[in-house]
Amino acid sequence: MSLESKHALHHLEAPLREDVRRLGELLGESIAADRGAAFLAQIEEVRALAKAARSGADADWQRLSQFLAAIPTEEMVDVARAFNQFLNLANIAEQHHLTRPQQDQAVQLTLPDHADLQTTLANLDIELVLTAHPTEVLRRTMIQKYDAIAELLWARDLEGKAATNEQDLRRLIAEAWHTDEIRQTRPTPQDEARWGFAVLESSLWHALPDFLRELDTAMVERGLHPLPLDAAPIRFATWMGGDRDGNPNVTAAVTAEVLMLARWMAADLFLRDVDDLQASLSMRRCSDELRAEVGESVEPYRALLKQVRERLLRTREWAAEPPGTEVAHDDIYYTGEQLMAPLLLCHRSLLNCGMREIANGPLLDTLRRVHAFGVNLVRLDVRQDAARHTEVLDELTRYLDIYRGGASYADWPEAERQQFLLTELENRRPLFPSVWPVSEEGAEVLETCRTIAQGDGAGVAQYVISMATSPSDVLAVILLLRECGLQRNLPVVPLFETLADLEGATQSIDALLSIPWYRAYVNDYQQVMIGYSDSAKDAGQFAAAWAQYQAQERLVAVAQSHGVRLVLFHGRGGAVGRGGGPAQEAILSQPPGSVAGALRVTEQGEMIRWKLGLPRLARQNLRRYVSATLAATLSPPPAASETWRERMAAMSDTAVTAYRAVVRDDENFVALLRDLTPEQELGILALGSRPARRKPTAGIASLRAIPWVFAWTQVRLMLPAWLGTHVALRDAMQTHSEQLQSMLNWPFYRMQTDMLEMVLAKADVDLARYYAQRLTDGRQQQSVEELCQALRGLTEDLLKLKGQPHLLADDPGLAESLNVRNTYLDPLHLLQAELLARWRNKSVDAEAVELALKVTMAGIASGLRNTG
C-alpha cells in the first residue's frame, strides 16, 4: 500500500516523488504488520475519500466526515498517527531533496562586487539566536529517528547502496511507528537547552567550519585573502534557559545549570577535536617557540595537545559539578583565549616549518570553532519583563523610605527615575541592604543578577528587557546587575514590542544615548531588539511590519546622529503572523543602512530543525544569511519614494483600524477564538516550558503570540497573518491599483505581498467552515463566514495586484507540495474537529480523545511546518 496521492505527486520532481512514494510504502508495511490489513485498508479509504473531497463537492466532504465520525475513539489515535507520520516522512523527503547536488548548487554563496568586500567580510557579525519557546511538537527521540532516515536517503544517493539501505529504512520507519511521537510531559527549560545543544553538536559544529571553507574559496577566487584567523562572521546564541519573561520555570538556578551544561558540552566537543588532532599532528619538526613550550619531545605537537586534552578533561569534570563550584581558572579552560593559545602555537609552528596544508587542515577548523563557539559553546541571553525590575526597585524604595512627592519608585515620572538611577550608578556605596524583606518575585530577579555576576557574566551575551518603553528600563537593569556584583559592562538590550513601543523607540534611544554616563558604559555600541510577534498580535501583521520598518529607519538615524554603532536584533517567529519568512528575502527587504555588516536574528521553533538541523541544510542557510547580509550592507536597495511611503502609511492606518475592530472591539471575538480553534486545548500539547499565557486571564492581551498563531493555523484560517490587510488592500486597489503594482519593485512591500500569498495558499475556507459547523453556534458560524468571505476577497485582490491566475503561480514547487499535503492534512483536520467536540462534551473515553487530539495537532503542525 502506498500512502501517496499519485495525481498530486505527478508534477513533483521524479527523485522526490520516488522518495515520497517509497517512504509511504514502507510506512504502510509497518502499519499493516502492527494493526493488520483491514486497518490499513481503512486508512487507504480515508485517504481516497479525502482526495475525492479535495477535488469534489460538499457531498464528498460529508461522506468523509461521516466516515471519520464513525471510527471508534480508540482507533482514532492510530488513524491520526498514520497521517501524521506520513506528513513527517514527506517533510524528510522534501528536506533531503533540497540538499541534492542540483538543488544545493542553486543556493549560491554570492559575494557582491565592492571595494570594501574584504574589510566587510573580515568584520561581518551575524548571530543566530535559538530561542526558548519552540513550536517543535516532536519528541527528540523521533527527531533523531527522522534525522537517521534523512541520512540513509543521503547515503543511498551518494553511494547507491539501495538494498542495505532499504532494510535500514524499513527498520527505522517501523521504529517510528511503534514509538509515541508526542511528548506526554511538558519539557523543562533544561530539556529545551539540551535540545538546542543537540542541534549545535550534530549539525552546526560541523556545518560552520565547512561553510567557512566555502567562503575562503569564494574569496580567493575573487582575488581576496581568506578570512583572518580571528574572524567569526557567524556565531550562535540561545534563549533556552535564559528567557524568563512570563515563564516561572526559568529560575536563576536553571540559568546557572544551563550555563554549566553548555560548558560541559563545549569541553566534550573540543576533546573530540583534540583527539583527532593528536592522531594527525604527528610531525617532528617544529618552531623554536613550540620547542621551548614542550621541551625535547619527539612529537612536539602531540605533546602540547596532550596538555590541552588534560586541561579539557578537568574543564569537563568541573562543568559536571554543581553550579558555583570553586575552581582555579588556570587549571581549566575558563576563557576562549586560554584554549586558543596552544592551538595558535601549533598553527604558527606548522606555518613556520613550511607545512601550510597541514596548518590549514582540521586544526584551522578547530581554531574557528573556538572563535565561533568558545568554551561556553553558545552565548546565553537573559530576558525579563521591564515591570519585574520596576517592582524590585519599588519594593526597595519603600523599604528604605525613599519617597519623591509621597510616591515610591513605581509611581515616579521618568525624569525622576533617571535621576535616581544615575545618582546610584555613580555612587560607590551599595544601595541594597545585605538583608531586607524582598518579595519572592523580587528575590528571583536579584538571584538571576547574582548568577550573571558569578564569573563576571561569563557565557552570558546580554540582558534583554521585554516591554521596554523608556531609558529608565535600561538603567534599572544596569543598577541591579552592579548591585549584585557584576563588574563587566554587559550589554542591556531594550525590546520594543507593541505598536506604541515601536513608535516611541526612537525617542527612548535618543534620550538614552544623550546620557553621558550611559554613553561611556556602552562604548559607542548600542543594540536594540525589534519585536515582531507581539507587535503583530497588537496591531495586525501589515501595520506591525510598517511600524517595524519605520522604527528601524529612525533608530539608524538616531544612532548616526550620536556617532554610535547600532545593531538591530530581529525577534522573528517561524510563522508570517510572527514576522517569519525566508531569511534571505527578509534581510534584503530591510531599510537601507539598517544592516551595516551586523545582524542578530532569532531562529524559532520547528524552523531550527528545518533550517539548521542537518549539516547540509545548515550550510545552505548560512550561505543565504551571509549573501543577504553582504548585499544589504554593500548594495542596499534604494530608499522608497515619498509617494510609496505615504500609500504604505495610509494602508497601515486602515489595516490596524480594521484589525482592532475585530480583535479588540468585538465583544464576541474571544469566545469565537476559544470555540472555533483548539486554543484552550493547546495546553495539553506539551509544546514548551512556558505557559501559553503571561497572566491567568482569558483575553487576547495575555495570550502569547505563539499559541495565538498556532490556534488559527490549526483551523486553517491563518487570521493573524491577514486580518486588517484585507480592508487596506481592498480600499487601495479601488483607487490606487497602478501605484500598488509599481510598489512591487520595493523589496519591503514585495516581501509583504509574497508572504501574504504564501499564507493565503495555506489557508482553507472550506476547512474553517467545517470547524465552525461542528464546534460553534449559529451566530459564530455567521462570523466565520464573514471572515471566510474577507479572506476570499483578499485573495482576489492580491491576484489582481500581482497579475497572477492563481496563488503560487510563480512557485509551482510549493503549490504541488501543499497539494500533496492536503490529502493527508484534510483527514487530520476533520478528525480534530470531531475530537474537539468529544473532548468538550466530556467524552467517556477522555484519555483516548486527548491522545488522538494531540496527534492531530502535531500532524497539522508538521504538515504546515511554519505554524508558530
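**Notebook: helix packing and aromatic rings**

The model is a predicted one, in which local features need pLDDT of at least 70, side-chain atom pairs count only at pLDDT 80 or more, and totals for chains, interfaces and linings use all residues. Residues are numbered from 1 along each chain as its sequence is written, and side-chain values use heavy atoms, with hydrogens and water left out.

I then read that the axes of α3 (residues 37-55) and α4 (residues 58-69) come within 8 Å and cross at roughly 155 degrees; axes are lines fitted to C-alpha atoms over the stretch in contact, with angles from 0 to 180 degrees between N-to-C directions. Helices here are DSSP runs (H or I, at least four residues), numbered from the N terminus. The two are therefore roughly antiparallel, the word for angles over 145 degrees.

Turning to the rings, I found 24 aromatic pairs in the structure, where rings of Phe, Tyr and Trp (its six-membered ring) pair if their centres lie within 6.5 Å, and planes over 60 degrees apart count as edge-to-face. One of them is the edge-to-face pair of Tyr 549 and Trp 746, 5.7 Å centre to centre with 85 degrees between the planes. Tyr 549 lies in helix α24 and Trp 746 in the loop between α32 and α33, so this pair ties together parts that are 197 residues apart in sequence. I noted both Tyr 549 and Trp 746 as buried (under 20% relative accessible area, 1.4 Å probe, protein chains only).

Notes. Rings of Phe, Tyr and Trp (its six-membered ring) pair if their centres lie within 6.5 Å; planes under 30 degrees apart count as stacked, over 60 as edge-to-face and the rest as tilted. Buried means under 20% relative accessible area, exposed over 50%, partly exposed in between (1.4 Å probe, protein chains only). Angles under 35 degrees count as roughly parallel, over 145 as roughly antiparallel, 65 to 115 as roughly perpendicular and the rest as oblique.
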